[in-house]
Amino acid sequence: FCLKSYSIFTLFIEFLYNRCAIIRPPRDGGIRYRGLTQEQVKILPVDYEIEYICRGSRIIVGPKVRKCLHNGTWTDMNQISRCCRCRHCKKKLYIGALFPMSGGWPGGQACLPAAQMALDLVNNRTDILPDYELELIHYDSMCDPGEATKLLYDLLYTEPIKIVLMPGCSSVSTLVAEAARMWNLIVFSYGSSSPALSNRQRFPTFFRTHPSATLHNPTRVRLFQKWGWTKIATIQQTTEVFTSTLDDLEERVKEAGIEISVRQSFLTDPAVAVKNLKRQDARIIVGLFYETEARKVFCEVFKEKLYGKKYVWFLIGWYADNWFKIKDPAINCTVENMTEAVEGHVTTEIVMLNPETVRGASNLTSQEFLAQLMSRLGGKNPEETGGFQEAPLAYDAVWALALALNRTVAPLRAKGWALEDFNYNNKEITAEIYRALNTSSFEGVSGHVVFDAQGSRMAWTLIEQLQGGSYKKIGYYDSTKGNLSWYGNDKWIGLGPPADQTKVIEEFRYLSQKLFVSVSVFAGLGILLGIVCLSFNIYNSSVRYIQNSQPYLNNMTAVGCVLALAAVFPLGIDGLHIQRSQFPVVCQFRLWLLGLGFSLAYGSMFTKIWWVHTVFTKKDEKKEKRKHLEPWKLYATVAVLLAIDVLSLLIWQIMDPLHITVEKFTKEAPKEDLDVLIQPLLEHCSSEKMNTWLGVVYGYKGLLLLLGIFLAYETKSISTEKINDHRAVGMAIYNVAVLCMITAPVTMILSSQQDASFAFASLAIIFSVYITLVVLFVPKIRRLITRGEWQSEQQDTLKTGSSTNNNDEEKSRQLERENRELQKIIQEKEERVTELRNQLAQRQALRSRRRPSVPNQNQNHSVPSSHAEPPSYSPATDKQSLPPSFSNSSDLYQGEGKLSRNNCHNSRLPLLYK
């Protein structure tokens, strides 16, 4: 039942216009219009060829291809084409393929012959799809999504039905794979590397033999770990494929504990991005960009000196081997500059040709495959043939598809289906093909073929390094097993792999040992002096002079001085002498020794001066009551001050104990190695609220010091028998207060300078202690030695049973009291004398007025006794026995009679002027 395939009437009309009319296809068949859309298939141009195709197992009998002639007719019009059944013929399965023969990546130039080689071998095999024949229907997509859209429409809406689609470029595969699910079609790519295609939700039926670009990332992470790098930097061209790759790399390095410290990107000009890498001290740099941009990047790398022994670059391995030697007008660097900049960089490249000599599913080794491919290419130069590296992937893609279809025959037959029953609405057959592909595993010419859950090929990665201007293989990495095959021939400009950042050497700052020893010697001598003074005071405690200085308070002062000096030793102990775990104990010793030492030494002196001020600056009636103060009250005062310190220190240590903290300083660069920085560290004793506690302690101690200075000033002119050394105590308080008030803020300011801080604090303690001991004890020792008072007192005690020493101090107080009383009496008498003189002058004036005639009558006579001597005034009887001052006072009245101050008893006059 065959029909004629042309119409005489239609041919006549088209002949008039020098065009060919559309002719009908054979029954059970169709016509393939290559390169035309449905709208363009109306009047076909001259030399255009059409191809007859038949449905199912039918075959074409007669001419299969017809060509439009200049006379408007088709070739072989006298022969009829029929679609006839053939019981012994293989059923055809059609694969719709898009091979980019031109455009950005002309990979079809080598991939199409490789796919045709695979089809020929599959169709000749009797163990693979014995009842079927695979046929490839292909178009040139030019690696353009727009062109691919038109061709996809032709593939879907023209006979025959395609069971699988095979795009090439990533951009074309994205378009085809996203649309194919609407027709229940499996999409199998041989040249797509975009990580975005691994999205199963967006591309549910997509598979590829070209591994994803993210497959480089496990290899990179493994190399980072091998060379001990934990910090990397990245620079990328802003395209979708590189952005997706970098996002995946960021996740993987984060899982591996590696930090991406710098992330730079650029669109066309990488100059700013490279400068940022240099400024941020990037060392291990991953570059993701195309070959043309790679030349721009490394020209800037040469200008910024971002290469050499301190830097390692990781690049994509599918550049041409001489990519850096190609002259590019877009850059202004010479070939020598580029060669110098790229030396030593590492590349990762997907293994597209099995390095081992094994025969896989096609019964060909990788070398035999290359030989046959070169034969098909007709001797073309592989470097000039687009897609030559990806040709093994296209070859294995056809084999993976054939093996998967072969595995679906039996399951479909069990369900009453066959592969030839596939149509765009049959989801069951598509699901069986998907399951077969998802579980595929075989040896191909590109290596072991297996797919992950996202349909991407799992493959080995080749690792190469540019050594001396040419690439050398240094290892392979199998990401499926995590196995790194390392040749050990990697070379570096320096002594080995560079550091991932400027190497920072932590170096603790310790106290100068010379300073520590020197200060410790002075502190030791001070402790010895304190012990001597304490022993002296205890031994001579029965001597009256020592007893009058309150020896128990002096003993406390000596003990406090010894404790304060003992604090100098833990102040100078640091990590050079002890382990880090023992440091908090040393911190406690510093705090407690210094705190208790200050409380005992200063507290005892403060108590003395406070008691003197309390007794001798009060009113007389209160003074007599408090003159005899019991010693236990003095000791209780010291105990209260000591208890306050102990309580405050206990609260501090319980609520916020001291611990070790480490202060970091600005990194320093040694002159001998520019790639190393020294990080100075200094250990401190600190707590969480250190400033608060110091503020409380310093505030309390500061008030005590200020009050001590005030009391010492108020009592500087007072003498007392009970505390005969209070002036020395006042002098010691002056010195201690001044030194403490200067030292406390200065040591806080100098806390980061261990030598200065220790020297200032320790010397302040030493000077304070030395001054205190010398002022308080040395005069006592000197007096007892020079005067021998302890011997005379012991002899007097044996004779009288009690002390008979002259109490000079008591006598002095008595004389002062009597002197004040006599001064009051003198003042009263002088006032009386003044009054009498006035009366005398008045009487003389009155007498002169009564006797004006005899003005000189009494000129040479004395004043009459009745007028010269007042009733209560008597003449002096013993002028020679009076002191000179009294004699001079009486001379005032010699012209009118002698006046005597007989109210001043002669027995008191010597006391007045003593």
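Modeller: Start with a definition: a residue is called buried when its relative accessible area is under 20%. This is a predicted model. Thr461 lies in strand β20, which covers residues 460-467. Its side chain makes a polar contact of 3.0 Å with the side chain of Thr219. Leaving aside residues up to four places away in sequence, Thr461 touches Leu215, Thr219, Thr348, Glu349, Ile350, Val351, Gly475, Tyr476 and Tyr477.

Now the cysteines. A disulfide is counted when two cysteine sulfur atoms lie within 2.5 Å. By this rule there are five disulfides. Here are some of them.

Take Cys20 and Cys68. Their sulfur atoms are 1.8 Å apart, and they form a disulfide. The torsion about this S-S bond is about 90°, so the disulfide of Cys20 and Cys68 is right-handed. Cys20 lies in strand β1 (residues 20-21), while Cys68 lies in the loop between β6 (65-67) and β7 (82-84), so the pair ties together parts that are 48 residues apart in sequence. Cys20 is buried, at 0% relative accessible area. Cys68 also has 0% and counts as buried.

Next, Cys143 is joined to Cys169 by a disulfide, S to S 1.9 Å. With -130° about the S-S bond, this link of Cys143 and Cys169 is left-handed. Cys143 sits in the loop between β9 (132-139) and α3 (145-157), and Cys169 in the loop between β10 (162-166) and α4 (170-180), so the pair ties together parts that are 26 residues apart in sequence. Cys169 has a relative accessible area of 4%, so it is buried.

Then come Cys587 and Cys685, joined by a disulfide with S to S 1.8 Å. The torsion here is about -80°, so the disulfide of Cys587 and Cys685 is left-handed. This pair links distant parts of the chain: Cys587 is in helix α17 (residues 583-616) and Cys685 in strand β25 (residues 676-686), 98 residues apart. Cys587 is buried at 2%. Cys685, at 17% relative accessibility, counts as buried.

Some cysteines are left without a partner. The sulfur of Cys111 is 9.6 Å from the closest cysteine sulfur, in Cys169, which is too far for a bond. Cys111 is buried, with a relative accessible area of 0%. Cys533 is in no disulfide either; the nearest cysteine sulfur, that of Cys561, is 8.6 Å away. Cys533 counts as buried, at 2% relative accessibility.

Definitions and conventions:
Residues numbered from 1 in each chain as written. Predicted model: local features only at pLDDT ≥ 70, side-chain atom pairs only at ≥ 80, totals over all residues. Heavy atoms only, no water. Helix = DSSP H or I, 4+ residues; strand = E, 2+ residues; numbered from the N terminus. Polar contact = N/O pair within 3.5 Å; in protein donor to acceptor, adjacent residues only side chain to side chain. Contact = heavy atoms within 4.5 Å. Buried < 20%, exposed > 50% of the residue type's maximum accessible area, 1.4 Å probe, protein only.
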